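User: Hi! I'm new to this one, could you walk me through it?
Analyst: Happy to, let's look at it together.

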Amino acid sequence: RKVIVAVRAQQEAELTTENLCMNLMLMELARGVMETLKTYCHSVYLSLLMNPANQRGWSDLVQKELMAKYHAYLASLHATTGLMKG
């Protein structure tokens with residue numbers, strides 16, 4: 001089973017019958033897209049962000065701020081995934 005998603009190409013664009021093809025994007029997503037996103041975020045991106053070699057040149061403030069925001073994002077993603085499962 002798949003999901004069809006309609007996304008407005010530009011937020012401020014008014015959709016009319018004449019410009020619908022130019023201003024609306026349709027995407028087909030697999031059923032487990034949120035689970036896949038959650039897996040990638042936890043296993044790939046978190047590992048990259050936590051790697052000290054990748055943090056070279058970051059100030060302590062930048063590192064703490066980025067990681068705090070990323071962990072908040074992961075928490076939201078986890079909650080959303082759980083709600084979608086039911």
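User: Which residue meets K85 in a salt bridge?
Analyst: That is E35: the side chains of K85 and E35 meet at 3.1 Å, N to O. A salt bridge here is a side-chain nitrogen of Lys or Arg within 4 Å of a carboxyl oxygen of Asp or Glu. The pair links distant parts of the chain, with K85 in helix α4 and E35 in helix α2, 50 residues apart. Helices (H or I, at least four residues) and strands (E, at least two) are DSSP runs, numbered from the N terminus.

User: What sort of model is this, and how are residues numbered?
Analyst: It is a predicted model, where local features need pLDDT of at least 70, side-chain atom pairs count only at pLDDT 80 or more, and totals for chains, interfaces and linings use all residues. Residues are numbered from 1 along each chain as its sequence is written, and side-chain values use heavy atoms, with hydrogens and water left out.

User: Back to that pair. Is K85 buried or exposed?
Analyst: K85 is exposed, because its relative accessible area is 63%; the cut-offs are under 20% for buried, over 50% for exposed and partly exposed in between, using a 1.4 Å probe and protein chains only. E35, at 28%, is partly exposed.

User: How do α2 and α4 run relative to each other?
Analyst: The axes of α2 and α4 (residues 60-85) come within 10 Å and cross at roughly 165°. That makes the two helices roughly antiparallel. Axes are lines fitted to C-alpha atoms, for helices over the stretch in contact, and angles run from 0 to 180 degrees between N-to-C directions. Angles over 145 degrees count as roughly antiparallel, under 35 as roughly parallel, 65 to 115 as roughly perpendicular and the rest as oblique.

User: How many salt bridges does the structure hold?
Analyst: There are three. One of them joins E28 and K2, also at 3.1 Å, N to O. E28 sits in strand β2 (residues 24-30) and K2 in strand β1 (residues 2-8), 26 residues apart. E28 is exposed at 52% relative accessible area, and K2 is exposed at 56%.

User: And what does K69 pair with?
Analyst: K69 forms a salt bridge with E65, where the closest N and O atoms are 3.5 Å apart. These residues are separated by about one helical turn, because they are four residues apart in helix α4.

User: New topic: where is Y45?
Analyst: Y45 lies in helix α2 (residues 33-50). Y45 is partly exposed, with a relative accessible area of 45%.
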